[in-house]
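Me: Could you take a close look at how the helices pack against one another in this model? I'd like the axis geometry together with the residues that make each contact.

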Amino acid sequence: MILLKSISKVTSEDLAGVYKEVAETVGVDNAYKIYSHFKGLQLMFPLKFYSKEYIVQQICSEYDGKNVHALARKYGYSESRVRQILREQEKPAITKKDTTEERG
């Protein structure tokens with residue numbers, strides 16, 4: 001890419017398409033870093049920002065016995081899914097080794 005201006009003099013208005021929106025959100029310098037790293041690729045951002053493991057950890061640590069509705073809203077899950085996560089964490093993890101020892 002040919003830099004027509006020093007990047008410090010570029011405004012979001014100088015950028016093409018989606019880069020203008022990105023620059024308005026994160027600044028021109030960060031938009032340029034994103035461009036440099038991902039140029040030529042099509043990106044799709046999942047609706048969920050946090051990993052499943054992180055969500056499970058947070059729900060379990062924040063659960064107080066009666067805040068299922070609040071946790072569901074906070075993390076974008078249904079109340080039944082929050083209850084399912086809590087139930088799954090109550091059960092001890094059964095490993096393959098455990099089940100083969102029981103048979104033997």
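Reply: Happy to! Helices α1 and α2 are oblique to each other (angles under 35 degrees count as roughly parallel, over 145 as roughly antiparallel, 65 to 115 as roughly perpendicular and the rest as oblique). This is a predicted model, in which local features need pLDDT of at least 70 and side-chain atom pairs count only at pLDDT 80 or more, while totals for chains, interfaces and linings use all residues. Residues are numbered from 1 along each chain as its sequence is written, and side-chain values use heavy atoms, with hydrogens and water left out.

α1 covers 17–26 and α2 covers 28–38 (helices are DSSP runs of H or I, at least four residues, numbered from the N terminus). Their axes come within 7 Å and cross at roughly 130° (axes are lines fitted to C-alpha atoms over the stretch in contact, with angles from 0 to 180 degrees between N-to-C directions). The crossing of α1 and α2 is right-handed (the near helix is turned clockwise from the far one by less than a right angle). On the α1 side, Tyr19, Val22, Ala23 and Val26 make the contact (heavy atoms within 4.5 Å); on the α2 side, Val28, Asn30, Ala31, Ile34 and Tyr35 do so. Eight of these residues are nonpolar, one is polar and none is charged (Ala, Val, Leu, Ile, Met, Phe, Trp, Tyr, Cys and Pro count as nonpolar, Asp, Glu, Lys and Arg as charged, the others, Gly among them, as polar).

Now to α3, which packs against two other helices, α4 and α5. With α4, the angle is about 150° and the axes lie 11 Å apart, which means that α3 is roughly antiparallel to α4. Here α3 spans residues 52–62 and α4 spans residues 68–75, and α3 passes α4 in a right-handed crossing. From α3, the residues Ile55, Gln58, Ile59 and Glu62 meet Leu71, Lys74 and Tyr75 of α4. By class, that contact has four nonpolar, one polar and two charged residues.

Towards α5 (residues 79–90), the axis of α3 comes within 10 Å and the two cross at roughly 85°, so α3 is roughly perpendicular to α5. In this pairing, Lys52, Val56, Ile59 and Cys60 of α3 meet Arg81, Val82, Ile85, Leu86 and Gln89 of α5. The residues there divide into six nonpolar, one polar and two charged. If you're tracing α3 on screen, Ile59 is a handy landmark: Ile59 takes part in the contact with α4 and also in the contact with α5.
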